[in-house]
Amino acid sequence: MSAQLILQPGKERSLLRRHPWIFAGSVERLVGRARPGDTVEVVAGKQVLAKAAWSPASQIRARVWSFDADEIIDNAFFKRRVAEAVARRGVLPRLTFEPGLRLIHAESDGLPGVIADKYGDTVVVQLTSAGAEKWREAIADALMRATGCARIYERSDSDVRGLEGLEPRAGWLRGEAPTGEIVIEEHGVKMAIDIVGGHKTGFYLDQRDNRKLLGELSQGRRVLNCFCYTGGFSLQALAGSAAAVLSIDSSQPALDRAVANLALNPQLDATRAEWRCANVFDELRRLKAAGETFDLIILDPPKFAPSASYAERAARAYKDINLLGCKLLAPGGLLMTYSCSGGIGLELFQKIVAGAALDAGRDARIVQRLQGAPDHPVALAFPEGEYLKGLLLHVF
Ligand code: SAH
């Protein structure tokens, strides 16, 4: 019999709204024995409200697998959930043709702690919770069956595993390493994906649609791409006939990849591209001091605020780069600015950017609000899934 997690009185409210996290402060006691990752019944009063994965090391003490008290959490459960997540991508028919696609977006796909991205016929999974860790083999089998892919690589080396008491782990789960590089095509541009050494699962699929938009906006413009990683936005700017593209990142390996990606695309004019290894905060100041201006600036920084407690310090960092970005734009220029911090909501982000434009003495309006690509769905019951937010601003 599975153990029972008894909730404090009144703490069932978020579960009734189908939010999948049970925090330490909501737990009255555990009845019975459970090891990390084991399935427990979540009980309020006398009623079983959910089945969840027990994670004693984490502040999120349990993550819900199912709100159906009768559902059995076994290999067949993961086969169903994974197949549903993969099938859900077909809701937007165009997604089914994407060689680079997020197949499982964790809580938003009913699989807390499970990320799966597909690059051609290779799937990369990231398991970040005790529950996901326990069901690794079932998840891998289900992915092989649902996708027909040739191989699965595991990149469970994210920091958040530490919070669940899990060690980093990486390696081939199914199949063998492909002989050549993994290359996908995104809006007509080839990109090599370093699934072993790159960030996250190798690539930022969430920005796919925004990279397309950027390409459409680039013609004839002098583009500055800050935090360029492996050149996703930069190459789309070149494909969109930008006059020049200066790209900045503090990671030399990322820039090396970007240069190699450009070489994979002989149709692009490489003489218009310049790559600079620098800290964006310093480099923007240097460019300003040198009197440089740009017509289109992209600011896609890493997560400055992993949670709400970092929000204040993160807000200063966002303000700083957006202020400098506004100052560097020629009149009539475009600023494409993002935050991928879960701890900074859209409303706050917009306030920060508004403050930055004001302090820069610039008049700006929102042309378009931007978000993650639709293979990163947001469950309405789990607003935390909506981490990526952006603004396209027209600046005078
Ligand atoms: N826009 C990219 C993803 C950006 S990820 C894409 O579409 O693929 C964020 C990048 O910021 C990483 O490549 C990281 O190396 C870089 N970075 C982090 N801090 C930085 C800093 N202070 N200055 C410059 N680059 C930084």
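I began with S218 and listed what it touches: V223, A237, G240, S241, A242 and L296, leaving out residues up to four places away in sequence. A reminder to myself: this is a predicted model.

Where does S218 lie? I found S218 in the loop between α6 and β14 (222-226). Buried or exposed? S218 has 0% relative accessibility, so I put it down as buried. I also checked its side chain, which reaches the backbone oxygen of L214 at 2.7 Å.

**On to L214**

L214 counts as buried because its relative accessibility is 0%. Which residues does L214 contact, apart from neighbours within four places in sequence? My list reads F233, A237, L296, I298 and M336. A237 and L296 were already on my list for S218. I then looked up F233 against L214: they are 19 residues apart along the chain, and their C-alpha atoms are separated by 6.9 Å.

**The helix pair**

Next I took the two helices as a pair. In general, two packed helices are described by the angle between their axes and the distance between the axes. For α6 (residues 208-217) and α7 (residues 232-239), I noted axes that come within 7 Å and cross at roughly 35 degrees. The crossing of α6 past α7 is right-handed. Which residues meet there? From α6 I have N210, R211, L214 and G215, and from α7 I have G232, F233, Q236 and A237. Sorted by class, this contact has 3 nonpolar, 4 polar and 1 charged residues.

**A sheet**

Then I turned to an open sheet of 5 strands, ordered β7-β8-β9-β10-β11, with mixed pairing.

I followed the pairing from β7. Strands of a sheet pair through backbone hydrogen bonds, either parallel or antiparallel. β7 and β8 (residues 114-119) are antiparallel, over 5 bridges. For L101, I found K118 in β8 as the bridge partner. β8 and β9 (residues 122-127) also run antiparallel, joined by 6 bridges. There, V114 stands opposite L127 in β9.

How many residues of β7 (residues 100-105) are buried? I have 6 of the 6, so the strand is largely enclosed by the rest of the structure. I also looked for a helix on this sheet and found α4 (residues 136-147), which lies across β7, β8, β9, β10 (151-156) and β11. Its direction is about 50 degrees to β11.

**Last stop, T337**

I finished with T337, placed in strand β18 (residues 329-339). Its relative accessibility is 0%, so T337 goes down as buried. What does its side chain make a polar contact with? The partner is the side chain of N322, at 2.6 Å. Setting aside neighbours within four places in sequence, I listed the contacts of T337 as L299, N322, F349, V353, K389, G390, L391 and L393.

Notes
Residues numbered from 1 in each chain as written. Predicted model: local features only at pLDDT ≥ 70, side-chain atom pairs only at ≥ 80, totals over all residues. Heavy atoms only, no water. Axes fitted to C-alpha atoms, helices over the stretch in contact; angles between N-to-C directions. Helix = DSSP H or I, 4+ residues; strand = E, 2+ residues; numbered from the N terminus. Left-handed = near helix turned anticlockwise from the far one by under 90°. Contact = heavy atoms within 4.5 Å. Nonpolar A, V, L, I, M, F, W, Y, C, P; charged D, E, K, R; others polar. Buried < 20%, exposed > 50% of the residue type's maximum accessible area, 1.4 Å probe, protein only. Pairing = 2+ DSSP bridges. Polar contact = N/O pair within 3.5 Å; in protein donor to acceptor, adjacent residues only side chain to side chain.
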